[in-house]
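Have the structure open while you read.

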Amino acid sequence: MKLTDAFTFDNGLTLKNRVVMAPMTIGACKADGKVSQDDISYYAKRAEHVGMIITGCACIDPLGEAFENSYRVFDESCIPGLSQLAQTIQHKGAKAILQIYHGGRMVFPDVIKSTPVAPSAIKAPRNFTAQPRALSAKEVDDLMQKFLNAIHYAIQAGFDGVELHGANTYLLQQFVSPHSNRRRDKWGGSANNRMRFSKTLVKKAKKLIADEATKPFILGYRFSPEEIEEPGITLHDTLQLLEQLIIHGIDYLHISSSHVWRSSIRYTDNNEPIIEKIVQKINQRVPLIAVGDIHTKDDVNRIMDANIPLFALGKALLLDPEWPVKIANDRQDEIITIYRDELQHHLALPSRFVQDLRGYLEGDY
Ligand SMILES: Cc1cc2nc3c(=O)[nH]c(=O)nc-3n(C[C@H](O)[C@H](O)[C@H](O)COP(=O)(O)O)c2cc1C
């Protein structure tokens with residue numbers, strides 16, 4: 001397996017290579033969550049050399065917004081802008097995947113100008129978070145429908161798929177977590193009940209896609225394998241969740257991790273890479289996307305040797321959109337590894353993004 005090998009999903013969607021652009025929120029949208037020219041320029045620059053781009057997360061409901069100036073998929077007014085974004089990516093030769101999310105208890109109250117909602121009224125143990133209120137059973141049903149509506153808009157806009165953002169402590173993860181979900185109805189309690197929102201969403205989304213999509217359209221799921229909270233999601237929970245997602249027809253799984261080979265954040269005396277357990281569990285039934293601190297050809301070879309078919313890049317593509325060709329052609333010494341202001345135009349990075357993340361962009365590669 002090589003980086004430059006094409007990859008075809010079971011439904012026929014083919015990527016020109018194994019490189020995926022990781023979803024990254026850059027806060028470049030218009031204030032009303034519509035796609036801006038800065039978004040278009042940023043993605044156009046990066047779409048040429050990767051197989052697939054997963055966009056920064058798009059919010060499905062006003063109470064779910066964790067970021068300002070980020071995509072909103074609340075109603076059909078989002079379709080023209082998203083359509084332009086999907087076409088920009090596709091014309092450069094990559095597949096376009098829209099990541100959709102709801103922030104649940106992890107939103108800033110100042111951003112949503114209301115009380116955050118969550119599976120249960122349990123505050124996240126983070127400084128910036130506020131006390132959320134518990135969603136009513138009707139609100140849970142409504143949110144399920146809003147996720148489905150967002151998938152409908154993505155299909156209408158011409159995307160090649162959506163990724164359900166079930167990671168990074170947002171709402172889908174909050175349903176799975178025994179910390180944030182203490183419900184006693186069918187959405188909480190047992191591990192099986194805590195997984196019900198995600199698996200029901202996948203089941204309904206597959207039906208919607210089968211009914212509405214007129215070309216191959218994939219449904220992916222991003223997950224965080226563990227969480228630090230006590231009680232919190234364990235690897236055992238995650239392996240059960242992945243089994244359910246596979247049974248219900250997920251097209252790919254995408255881990256969220258700061259380092260591909262990182263070990264458990266819960267059992268710190270265990271040095272085994274978590275991803276090895278995940279690869280074993282998936283057992284080639286669906287493709288897995290690895291992520292986290294991938295920078296060199298050796299990093300790529302180690303992933304391919306482990307039979308992981310796809311990998312995503314965040315920082316590497318922020319700093320160098322040509323990373324895939326430079327790696328493939330053994331031009332590793334030409335890769336841009338640190339941000340400098342004279343590169344801003346070439347990298348099509350929006351000014352506010354550079355201003356807010358300067359330390360990160362100029363920091364260790
Ligand atoms: C600026 C920035 C924004 C991000 N936004 C998202 C996001 O919207 N959705 C998501 O799932 N992950 C998000 N992430 C995490 C990345 O997808 C990725 O997992 C992380 O950057 C690790 O990959 P890397 O080491 O290649 O950068 C973001 C990361 C960065 C740096």
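1. Which elements each supply at least two residues of the lining of the second largest pocket? They are β1 (7-8) and α9. Keep in mind throughout that this is a predicted model.

2. Staying with the second largest pocket, its volume comes out at about 300 Å³. The lining has 21 residues, and Gln284, Arg285, Val286, Pro287 and Leu288 are the ones that lie nearest the centre. By class, that lining splits into 12 nonpolar, six polar and three charged residues.

3. Now the largest pocket, with a volume of about 1,200 Å³. Its lining takes in 48 residues, and Pro23, Met24, Asn168, Arg222 and Ser256 lie nearest its centre. Two or more lining residues come from each of α9 (274-282), β13 (310-313), α11 (315-319) and α14 (351-362). Of the elements, α14 gives the most, with five residues.

4. On to the packing. The largest nonpolar core holds 117 residues, and Ile151, Leu253, Phe311 and Trp323 touch the most other members. Helix α4 (residues 137-156) provides the largest share of this core, 10 residues. Another core lies apart from it, with nine residues, including Cys59, Tyr101, Val107 and Tyr170.

5. Leaving out residues up to four places away in sequence, Leu253 touches Tyr221, Phe223, Leu242, Leu245, Ile246, Ile282, Val286, Pro287, Leu288 and Ile289. Among these, Val286, Pro287 and Leu288 also turn up in point 2, as residues nearest the centre of the second largest pocket.

Technical notes:
Residues are numbered from 1 along each chain as its sequence is written. This is a predicted model: local features need pLDDT of at least 70, side-chain atom pairs count only at pLDDT 80 or more; totals for chains, interfaces and linings use all residues. Side-chain values use heavy atoms; hydrogens and water are left out. On a 1 Å grid over the protein atoms alone, a cavity is a set of points where a 1.4 Å probe fits but cannot get out, and a pocket is an open set with protein on both sides within 12 Å along at least five of seven lines; lining residues have an atom within 4 Å of a point. Grid points are joined across faces, edges and corners, and a volume is the space filled by probe spheres set on the points. Helices (H or I, at least four residues) and strands (E, at least two) are DSSP runs, numbered from the N terminus. Ala, Val, Leu, Ile, Met, Phe, Trp, Tyr, Cys and Pro count as nonpolar, Asp, Glu, Lys and Arg as charged, and the others, Gly among them, as polar. A nonpolar core is a set of buried Ala, Val, Leu, Ile, Met, Phe, Trp, Tyr and Cys residues joined through side-chain atoms within 4.5 Å. Buried means under 20% relative accessible area, exposed over 50%, partly exposed in between (1.4 Å probe, protein chains only). Contact means heavy atoms within 4.5 Å.
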